[in-house]
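Reader: I would like to learn how to read a model like this one. Could you take me through it feature by feature?

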Amino acid sequence: MGKVVEKVKLTNLFEPKKSVEVDAVIDTGATMLVLPQDVIEELGLRKIGERRVRYANNQIQIKSVYRGVILELKGRDGIFDVLGEVEGSEPLVGQIVLEALDLIVDPITKTVIPNPRSPDMPMTEILMTTAYNSGYAVRSRPPKFRGSPMNNMQEKIVEILIKRGKELLNQPYRKIEFTGNPEADDLLNDIKNFPHAFVLACIMDRQIKAERAWLIPYEISKEIGGFEFSRLLKIDQNEFREIFRRKNLHRFNDTMAEYFYLGIQKIHRDYNDDASNIWKGKPRSATVIKRFLEFKGVGVKIATMAANILARDFKIPMADYICIDVSPDTHVKRVFKRLGFISKNASNDELIYSARELNPEYPGIFDLSCWEIGRNWCKPRKPDCKNCYLDPYCPKKI
Ligand code: SF4
């Protein structure tokens, strides 16, 4: 296809004043972002480890890996690790970067263009890249897990779970059952027309059963004759308090009526009456979580859950999925225990950190595959190992 070169902006994540623009070779056969040592020094990047690379002439070298650079290309950006090459070499943008930014190389125009169908996660393997102006190829081994040591079987399990997670994630959107009430679920699933229903339900989700909390927008819509945002805006805090009390919507009616009212005001003030502005424009996962946290009454657990549902179930594109944690769901937890990734008495936090350790780029990727395994084969009693696709590798810590 010939050489494709694009201008990229690179910024040190930890020292944003250190920023440079370079011409980078775009190579779809490569994986990582590769930068010459002089650019790495200019950016002041921090070395985090080393990686073995093998060149086409079979020479094997240990190369330094640096964290973390914000790379901007074609109006999109993401945070990446960098493989260090010798001073003066050509910067090189590999497939991990292109996939994370949903970009492809157009073979006709030989330019990088947005690809809305691009997978939304970085690849964990392989690369074949043209090394900087040396004319020989560089091949890197699949990245090694950098957390607790894993045996081959565990590495295989993680690989299978991530692969299956990606397949499930890329399936088309299906209606989410939030409450068991079809009309209430219709309202919550309609994030195109009623994005505020989803946000306000998240705010309500505390200290009562989730099914009851998520019914609240629907219950209020019945009281006020609809759930259009303009209709909600006309209602003052006292009126909401009266509805909450009369319908006994929540364990803490007065407080939650206040949070409900304040949530509406915040969407009006900060998001121009459109709650979908919280997640529009492919923001970083951290940005989405931070925006939810800014609503009164929302803590980290709910904010991360909201981001998780948006990414996993509503298929909302985000620039990265680093902050999308696994849900402490009973099926997911049971499967993680039986696979030996967490202890038998593990807390939800242990589950979350275990998933982060296993796949830092997208810890929540395990949700869908583990839920599927837990629901279909890894049942609380009598797990059906014979039919489970992890059977050949699973240590079966039952
Ligand atoms: S092989 Fe058995 S124990 Fe292991 S995950 Fe599958 S069903 Fe569960």
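Author: Start with pairing: two strands pair if DSSP finds at least two bridges between them. Helices (H or I, at least four residues) and strands (E, at least two) are DSSP runs, numbered from the N terminus. In this structure, V5 has V25 in β2 as its bridge partner.

Reader: What should I know about the model and its numbering before we go on?

Author: This is a predicted model: local features need pLDDT of at least 70, side-chain atom pairs count only at pLDDT 80 or more, and totals for chains, interfaces and linings use all residues. Residues are numbered from 1 along each chain as its sequence is written.

Reader: In which sense do β1 and β2 pair, and over how many bridges?

Author: Strand β1 (residues 4-12) and strand β2 (residues 19-26) are antiparallel, with eight bridges. They form a hairpin, and six residues lie between them.

Reader: How many bridges join β1 to β5?

Author: Four bridges link β1 with strand β5 (residues 60-73), and the two run antiparallel. L10 has L71 in β5 as its bridge partner. For N12, the partner in β5 is V69.

Reader: Which bridges and turn join β5 and β6?

Author: Seven bridges pair β5 with strand β6 (residues 76-85), again in the antiparallel sense. L73 is bridged to R76 in β6. These two strands also form a hairpin, with two residues between them. K74 in that turn has a positive phi of about 55°.

Reader: How do I judge backbone angles?

Author: Most residues other than glycine have a negative phi, and most peptide bonds are trans. Here, D273 has a phi near 65°, a positive value in a residue other than glycine. D273 sits in the loop between α9 and α10. There is also a cis peptide bond between R67 and G68, with omega about -15°. G68 belongs to strand β5.

Reader: Now helices. At what angle do α10 and α11 cross?

Author: Axes are lines fitted to C-alpha atoms, for helices over the stretch in contact, and angles run from 0 to 180 degrees between N-to-C directions. Helix α10 (residues 285-293) and helix α11 (residues 300-312) have axes that come within 8 Å and cross at roughly 130°. Angles under 35 degrees count as roughly parallel, over 145 as roughly antiparallel, 65 to 115 as roughly perpendicular and the rest as oblique. So α10 and α11 are oblique to each other.

Reader: Which residues make that contact?

Author: Two residues are in contact if their C-beta atoms, placed from the backbone, lie within 7 Å. From α10 come S285, V288, I289, F292 and L293. From α11 come V300, I302, A303, T304, A306, A307 and L310. For classes, Ala, Val, Leu, Ile, Met, Phe, Trp, Tyr, Cys and Pro count as nonpolar, Asp, Glu, Lys and Arg as charged, and the others, Gly among them, as polar. This contact has ten nonpolar, two polar and no charged residues.

Reader: Which residues of α5 and α9 meet?

Author: H196, V199, L200, I203 and M204 of α5 meet M256, Y259, F260, G263 and I267 of α9. Eight of the contact residues are nonpolar, two polar and none charged.

Reader: Last, which residues come nearest to the ligand?

Author: A residue is near a molecule or strand if its C-beta atom, placed from the backbone, lies within 6 Å of it. Of the 15 residues around the ligand, the nearest are C378, P383, C385, C388 and C394. The shell holds eleven nonpolar, no polar and four charged residues.
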